[in-house]
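I set down here, in order, what I looked up in this structure. The entries are brief and written for a reader who is new to it.

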Amino acid sequence: HRGERGITARLLSRLGEGAQQAGAGFETLTLARLKINRCLSCHQCQEGKNHLECVYNDKDDARFVFDRMAEADLLIFATPIYLMTMSGLMKNLLDRTYSTMDISDVRMMGGLIHHHVNPAISRKPFVTLLVCSNLETLSWRNAAGYFRIYARFMEAQQVGLLVRNASELFAAQNAETMQRRFPKIPQVWAAFEQAGRELAERGAVSWQTARRASQEVIPVPFFGLLKRLPWVRRRVVQALNDPSFWE
């Protein structure tokens, strides 16, 4: 919802820099700057003369976004995590793809019973970028699961999953201080650029690069395991609640 001021946008821009360095075109559509109405489930897009035409066509920006998606070779669904799932802006957009699908054309797709989908929009290979401030793995699992299942129903290939927790450490304010305190932060920025280059050159993010981009940045050995311990959690909570932590 913060658009270009958000941490998701900053991480996405690093992906773009890497892709452009490798010669690819890169375009970001910021949903916070667009008008995307929610799907009314009115089914008019599935009827008669209105077949595959949404009642909101020419009244908001969803069709513009779909047209840009259709022209792309690869998509990146980048969203902050709000209350353990993707943003409402992203979900509204995905709901609106309903108007591009003929639900009367039922098929077996990827071993699942589903209906026709628009291949120019829904079957594109895609990367998922999930950004959350929480340190808990469970905070982003729901969104990751959604896009994994989305890929199966749409017969689309998910060519990368990038998860960035502790996102506030990557905010613009006090960036130098945070990089001194958390020396892995520059490694993460570099990994995001590398991910962009890989997408441009090979159409997928390698697991090694995804792992570096998604690594824990807290400078404690085995922090990913230790944070499961109650006393470690208490210490982390105390540190994050101390205003001096962010200075």
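**Entry 1. The model.** I note that this is a predicted model, in which local features need pLDDT of at least 70 and side-chain atom pairs count only at pLDDT 80 or more, while totals for chains, interfaces and linings use all residues. Residues are numbered from 1 along each chain as its sequence is written, and side-chain values use heavy atoms, with hydrogens and water left out.

Entry 2. Helices (H or I, at least four residues) and strands (E, at least two) are DSSP runs numbered from the N terminus.

I then listed contacts (heavy atoms within 4.5 Å) of leucine 129. Leaving aside neighbours within four places in sequence, they include Leu11, Leu15, Phe77, Leu162 and Phe192.

**Entry 3. Pocket and cavity.** I searched a 1 Å grid over the protein atoms alone, where a cavity is a set of points at which a 1.4 Å probe fits but cannot get out, and a pocket is an open set with protein on both sides within 12 Å along at least five of seven lines; lining residues have an atom within 4 Å of a point. A volume is the space filled by probe spheres set on the points, which are joined across faces, edges and corners.

The largest pocket holds about 1300 Å³ of space. Of its 48 lining residues, Leu12, Thr28, Leu29, Ile76 and Ala78 are the closest to its centre. Helix 1 gives the most to this lining, with seven residues.

I found one cavity of 30 Å³ or more. The largest cavity has a volume of about 110 Å³. Of the 14 residues lining it, Cys39, Leu40, Cys42, Cys45 and Cys54 are the closest to its centre.

Entry 4. Is arginine 96 buried or exposed? Arginine 96 counts as buried because its relative accessibility is 3%; buried means under 20% relative accessible area, exposed over 50%, and partly exposed in between, with a 1.4 Å probe and protein chains only. Arginine 96 lies in helix 3 (residues 88-96). Beyond four places in sequence, arginine 96 touches residues including Cys39, Cys54, Tyr56 and Asp60.

Arginine 197 is in helix 6 and is partly exposed, at 22% relative accessible area. The side chains of arginine 197 and glutamine 21 are joined by a polar contact of 2.7 Å, that is, a pair of N or O atoms within 3.5 Å; within protein, one must be able to donate a hydrogen and the other to accept it, and residues adjacent in sequence count only if both atoms are side-chain atoms.

**Entry 5. Positive phi.** Most residues other than glycine have a negative phi. Serine 41 has a positive phi near 55 degrees, and aspartate 58 has a positive phi of about 70 degrees. Serine 41 is in the loop between helix 1 and helix 2, and aspartate 58 is found in the loop between helix 1 and helix 2. Serine 41 is partly exposed at 47%, whereas aspartate 58 is exposed at 67%.
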